[in-house]
Amino acid sequence: MKLSVEQVEQFYQNHENNTTPNFLKNHMKPVIRILDICLEDTEDVVECLKKPKEVKKKITDIYDNPNTQKFYFQSILFLIDQYPDLAKNVNRAEYKKYWEESKVLKAENDKNAPTIANIDFVVIAAAVEEEYGTDSEEALFVNLYYEMPMRLDFHDLYVDDSEQKNYIDTNKKRIIVNEYSKTSKKYGQKNYTLSTKLIKQIIKQNKTNNKLFTFFTKSNQGKKIKEMLHFAGIDGTLNTLRHSRHSVEMTSAERVDIAARSGHAPETSLTYIRI
């Protein structure tokens with residue numbers, strides 16, 4: 001069996017899961033990156049992958065972060081498992097062993113990492129409100145995040161426009177989110193009640209049939225949220241908001257609900273808790 005880089009790229013392009021840019025980013029690009037490095041003496045991908053020790057050395061020499069190493073070994077395993085007959089021609093077990101070893105290294109690395117203190121959500125909300133004003137988009141964003149702690153999925157959220165994929169119905173006091181990052185296929189539509197107080201704050205924005213937030217776009221959402229927190233005196237990112245929200249004391253039923261609103265499993269919510 002022989003395989004070219006072009007054939008590998010075509011495989012990813014035609015894959016049934018290639019429905020978002022993240023698929024190529026997380027699966028194809030890391031593999032192509034490593035193949036470009038490893039294919040020094042041959043143009044045959046199979047011949048390259050038949051030397052797992054050499055591939056491992058290339059990865060570990062370039063990337064010293066265990067999580068990054070795990071990412072690359074996982075990407076190679078995906079190719080081996082998914083490309084027809086490739087697993088029969090390379091040592092899959094060796095790559096799986098490297099992947100398992102990198103997971104252990106990552107766990108040890110995480111265990112030894114310095115603990116990051118939690119910032120109380122009330123403190124964050126008060127700081128943002130003081131900096132930008134009670135009726136600002138920024139204050140509204142933080143309050144909405146408290147009730148709907150999603151990932152970077154706020155850029156295309158509309159007000160009272162049911163023609164959109166993601167919108168807030170102020171009459172029914174509900175938020176409907178059909179398209180969101182990473183887990184939308186697994187968990188499906190989000191359809192949840194929002195508090196009366198939050199709905200009133202949304203109505204004050206006068207954004208009917210328009211996007212709720214204009215201080216960021218899809219491409220710069222993370223950057224703008226970081227800037228928002230910075231100018232409010234909070235050293236953090238959206239990840240800081242996530243940890244803070246999930247660190248709020250709540251009942252098991254409340255944690256199940258907030259996990260569903262977030263788009264992940266309840267036990268995942270526990271991993272975000274900071275003290």
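This is a predicted model: local features need pLDDT of at least 70, side-chain atom pairs count only at pLDDT 80 or more; totals for chains, interfaces and linings use all residues.
**Close-up 1. Val159 and its bridge partner in strand S2.** The pairing of S1 and S2 runs in the parallel sense and spans 2 bridges. On its other pairing, S2 meets strand S3 (residues 174-177) in the antiparallel sense, over 4 bridges. Here Asp169 has Arg174 as its bridge partner in S3. Between the strands of the S2 and S3 hairpin there are 4 residues, and Lys173 in this hairpin takes a positive phi near 60 degrees. Take a moment with the side chains of S2: Asn166 and Ile168 point one way, while Tyr167 and Asp169 point the other way. Residues on both sides of S2 are buried, namely Asn166, Ile168, Tyr167 and Asp169.

**Close-up 2. Helix H10 and what covers it.** Leu198, Ile199, Gln201 and Ile202 are the buried residues of H10. Viewed down the helix axis, the buried residues of H10 fall within an arc of 160 degrees, so they line one face of the helix. Lys197 and Lys200 are exposed on the other side of H10. The cover over the buried residues of H10 includes H8, strand S1 (158-159) and strand S2 (166-169), so the strands of the previous view can be found again here.

Close-up 3. Four residues to look for in H11 are Gln221, Ile225, Met228 and Leu229, which are buried. Down the axis of H11, the buried residues fall within an arc of 95 degrees, and they therefore line one face of the helix. An α-helix has 3.6 residues a turn, so residues three or four places apart point the same way. Turned away from the buried side of H11 is a face that carries the exposed residues Lys223, His230 and Phe231. Among the elements that cover the buried residues of H11 are helix H7 (121-132), helix H8 (137-147) and helix H12 (238-246). Following H11 comes Gly233, with a positive phi near 85 degrees.

Close-up 4. The structure holds 19 aromatic pairs. One of them is the tilted pair of Tyr145 and Phe154, with 6.1 Å from centre to centre and 45 degrees between the planes. Tyr145 is buried, at a relative accessible area of 0%, and Phe154 is likewise buried, at a relative accessible area of 0%. The rings of Phe215 and Phe216 have centres 4.7 Å apart and planes at 70 degrees, so this pair is edge-to-face. Phe215 and Phe216 are both buried. Follow the ring pairs onward and they link Phe141, Tyr145, Phe154, Phe213, Phe215 and Phe216 into a cluster.

Close-up 5. Lys70 belongs to helix H5 (residues 66-82). Is this lysine buried or exposed? Lys70 has a relative accessible area of 18%, so it counts as buried, the cut-off being under 20%. Setting aside neighbours within four places in sequence, Lys70 is in contact with Trp99, Ser102, Lys103 and Lys106. Two of these contacts also meet each other: the charged end of Lys103 sits over the ring of Trp99, 4.1 Å from the ring centre.

**Close-up 6. A charge over the ring of Tyr272.** Here the charged end of Arg242 sits over the ring of Tyr272. The distance from the charged end to the ring centre is 5.7 Å.

**Close-up 7. Positive phi in two loop residues.** Most residues other than glycine have a negative phi. Asp85, which is not a glycine, has a positive phi of about 70 degrees. Asp85 lies in the loop between H5 and helix H6 (92-112), and is partly exposed, with a relative accessible area of 44%. Where does Asn209 sit? Asn209 is found in the loop between helix H10 (196-203) and helix H11 (221-231). The phi of Asn209 is positive, near 65 degrees, and Asn209 counts as partly exposed at 44% relative accessibility.

Definitions and conventions
Residues are numbered from 1 along each chain as its sequence is written. Side-chain values use heavy atoms; hydrogens and water are left out. Buried means under 20% relative accessible area, exposed over 50%, partly exposed in between (1.4 Å probe, protein chains only). Contact means heavy atoms within 4.5 Å. Rings of Phe, Tyr and Trp (its six-membered ring) pair if their centres lie within 6.5 Å; planes under 30 degrees apart count as stacked, over 60 as edge-to-face and the rest as tilted. A charge sits over a ring if NZ of Lys or CZ of Arg is within 6 Å of the ring centre and within 35 degrees of the ring normal. The arc is that of the directions from the helix axis to the C-beta atoms. Two strands pair if DSSP finds at least two bridges between them.
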